[in-house]
Amino acid sequence: MFIPLFWTVLALPIIVFILFISLRQWLLSRKQKLRSSADKNVVHVGIFHPYCNAGGGGERVLWCAIRALQNKYDNIKLIIYTGDIETSPNAILQKAKNVFNISLDNDNISFVFLKHRHWIEAKKYPHFTLLGQSIGSMLLGFEALCKFPPDIFIDTMGYAFTYPLFRFLAKSKIGCYVHYPIISTDMLRKVQFRQSAHNNKAYVARNPFLTWMKLVYYRLFSKMYQWTGRCSDTIMVNSTWTENHILEIWDVPFKTHRVYPPCEVKRLKQLEREDNNDDIIILSVGQFRPEKDHPLQLQAMYELRTLLAHDEALWNKIQLIIVGSCRNEEDYERLKNMEDLSKHLSLERSVQFKVNVPYDDLLKLFQRSKIGLHTMWNEHFGIGIVECMAAGLIMIAHRSGGPLLDIIEASEGSQNGYLAIDAVEYAENILHIVVNSSENNANVRQAARSSVERFSEKEFETNFLRAVSVLFSKSNLE
């Protein structure tokens with residue numbers, strides 16, 4: 001009994017090692033064939049973005065990065081790994097043009113369509129969601145790797161668990177653009193202090209044992225996350241908040257570059273405002289995801305109606321328009337819940353929802369709106385915030401994360417927007433803007449428009465190319 005068990009234990013790592021070597025040799029051989037079939041000087045750059053057709057801020061990063069690479073390097077072939085199997089390459093590129101006003105050279109872009117994107121969707125993992133999605137991303141990454149092993153692998157969505165696959169199996173150089181860490185010390189603190197949130201259910205927060213178990217799980221997961229993140233050769237982060245957390249979790253001070261995401265501030269700053277109408281439009285722009293906390297916006301409108309109980313005529317002039325994109329069925333279900341909540345709060349006459357709005361229609365909304373609203377706690381950056389400010393809206397955002405550290409200055413003398421935490425404070429800020437003098441509002445608006453140039457697409461492309469240059473050095477590709 002002992003001898004067979006001994007040989008089994010001894011043989012298992014040997015078998016795993018042989019399988020690893022065999023798989024790596026097959027992938028390297030396939031990689032060499034792909035290079036031989038084209039010009040040997042061509043560098044294949046794989047970009048991992050399973051939701052490239054979503055139309056959010058992360059997709060603007062993707063398409064601006066691709067445009068920057070096309071303008072800089074003549075000898076590259078761009079491979080986009082996506083799970084948008086229901087659409088065509090031409091339709092995806094046309095949407096990039098329609099939504100973001102970004103035109104690309106289609107000839108050196110190829111799409112690798114991944115059939116198993118469902119493995120990274122949160123609904124598949126009602127429990128241990130972070131771990132489930134991370135393992136799922138490895139399976140999806142493995143599919144991508146087998147279909148096309150690249151010379152350079154750039155992840156633009158934050159799936160760090162794919163990095164070891166490409167580094168050790170295909171010997172690819174690894175770059176990543178991190179929008180937010182999938183686990184942070186803020187998340188650990190919420191669990192530790194038993195605060196319920198979208199990632200810490202109330203029944204867990206109430207139970208000391210479940211809280212302890214979740215803390216152990218989070219700490220073990222953060223160690224795995226650290227190891228996978230360190231497989232990167234260059235790491236781009238989108239804000240001071242994200243940079244602080246990545247440095248704390250991954251401990252990679254010499255690989256990290258702060259690259260603010262691209263915002264089309266030039267065109268938005270040139271928009272002529274339509275301030276001659278009596279309507280007071282409050283505009284919210286962002287994907288319908290749980291962390292965006294759209295219910296807080298509806299609660300703020302409810303509180304605002306209470307503050308204006310004595311002035312019904314003024315209340316009737318105010319309207320909140322929530323513009324967002326939906327990636328999947330979960331997002332559409334979330335949108336339906338928001339519509340039901342607005343009816344429950346008797347706000348249906350004061351709130352509109354607009355889904356997947358074309359870019360030209362969004363520009364018209366920017367021109368008509370007076371106030372911008374953003375309610376996500378610890379928003380990693382806030383492209384929608386910057387765009388609202390560039391378009392001349394007076395912005396109210398959450399007092400945390402990127403808005404607090406990078407974008408909005410709320411102190412007198414240099415104020416370019418407002419910060420708030422709860423529904424009452426949001427409502428008070430809205431009311432303050434509504435009753436404020438035209439001169440004071442104009443000063444805030446002008447300060448906001450002057451402050452956003454550092455978030456332009458041009459600045460992004462310059463800093464992005466500087467960060468990824470290490471991946472393209474000849475010695476690294478040999």
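In β4, which residue is the bridge partner of G46?

Guide: The bridge partner of G46 in β4 is F153. Before we go on, two notes on reading what follows. This is a predicted model, where local features need pLDDT of at least 70 and side-chain atom pairs count only at pLDDT 80 or more, while totals for chains, interfaces and linings use all residues. Residues are numbered from 1 along each chain as its sequence is written, and side-chain values use heavy atoms, with hydrogens and water left out.

Now back to your strands. Strand β1 covers residues 43-48 and strand β4 covers residues 152-155, and the two pair in the parallel sense over four bridges. (Strands are DSSP E runs of at least two residues and helices are H or I runs of at least four, numbered from the N terminus; two strands pair if DSSP finds at least two bridges between them.) Along β4 you will also find D155, which stands opposite F48.

β4 has another partner too: it pairs with β5 in the parallel sense, again over four bridges. There, I152 stands opposite K173 of β5. Look next at where the side chains of β4 go. I152 and I154 point one way, F153 and D155 point the other way, and all of them are buried. (Buried means under 20% relative accessible area, exposed means over 50%, and partly exposed lies in between, using a 1.4 Å probe and protein chains only.)

Let's step back to the whole sheet. It is an open sheet of seven strands in the order β3-β2-β1-β4-β5-β6-β7, with parallel pairing. β3 (109-113) and β7 (256-258) stand at the edges with a single partner strand each, so one side of each has no neighbour in the sheet. On average, neighbouring strands are turned by 20° against each other, direction ignored. Helix α19 (residues 457-468) packs on this sheet and touches β5 (173-178), β6 (234-237) and β7, its direction making about 155° with that of β6. (Touching, or contact, means heavy atoms within 4.5 Å; axes are lines fitted to C-alpha atoms, for helices over the stretch in contact, and angles run from 0 to 180 degrees between N-to-C directions.)

The loops leading away from or into the sheet deserve a look as well. F128 lies in the loop between β3 and α4 (129-147). Its phi is near 50°, a positive value in a residue other than glycine. F128 is exposed, with a relative accessible area of 53%.

Two packed helices are described by the angle between their axes and the distance between the axes. Take α6 (residues 185-192) and α8 (residues 208-229): their axes come within 9 Å and cross at roughly 165°. That makes α6 roughly antiparallel to α8. (Under 35 degrees counts as roughly parallel, over 145 as roughly antiparallel, 65 to 115 as roughly perpendicular, and the rest as oblique.) The crossing of α6 past α8 is left-handed, a label used if the near helix is turned anticlockwise from the far one by less than a right angle, with right-handed for clockwise. M187, L188, V191 and Q192 of α6 meet T211, K214, L215, Y218 and R219 of α8.

A second pair is α11 (294-307) and α17 (residues 423-435), whose axes come within 8 Å and cross at roughly 60°. α11 and α17 are therefore oblique to each other, and α11 passes α17 in a right-handed crossing. Among the residues in contact are L296 and L304 of α11 and Y426 and L431 of α17.

R289 is buried, with a relative accessible area of 12%. Leaving aside neighbours within four places in sequence, R289 is in contact with H294, R327, D331, R334 and H380. Another arginine to look up is R445 in helix α18 (residues 438-451). R445 is buried, at 16% relative accessible area, and it touches R273, K370, G392 and I394, not counting residues up to four places away in sequence.
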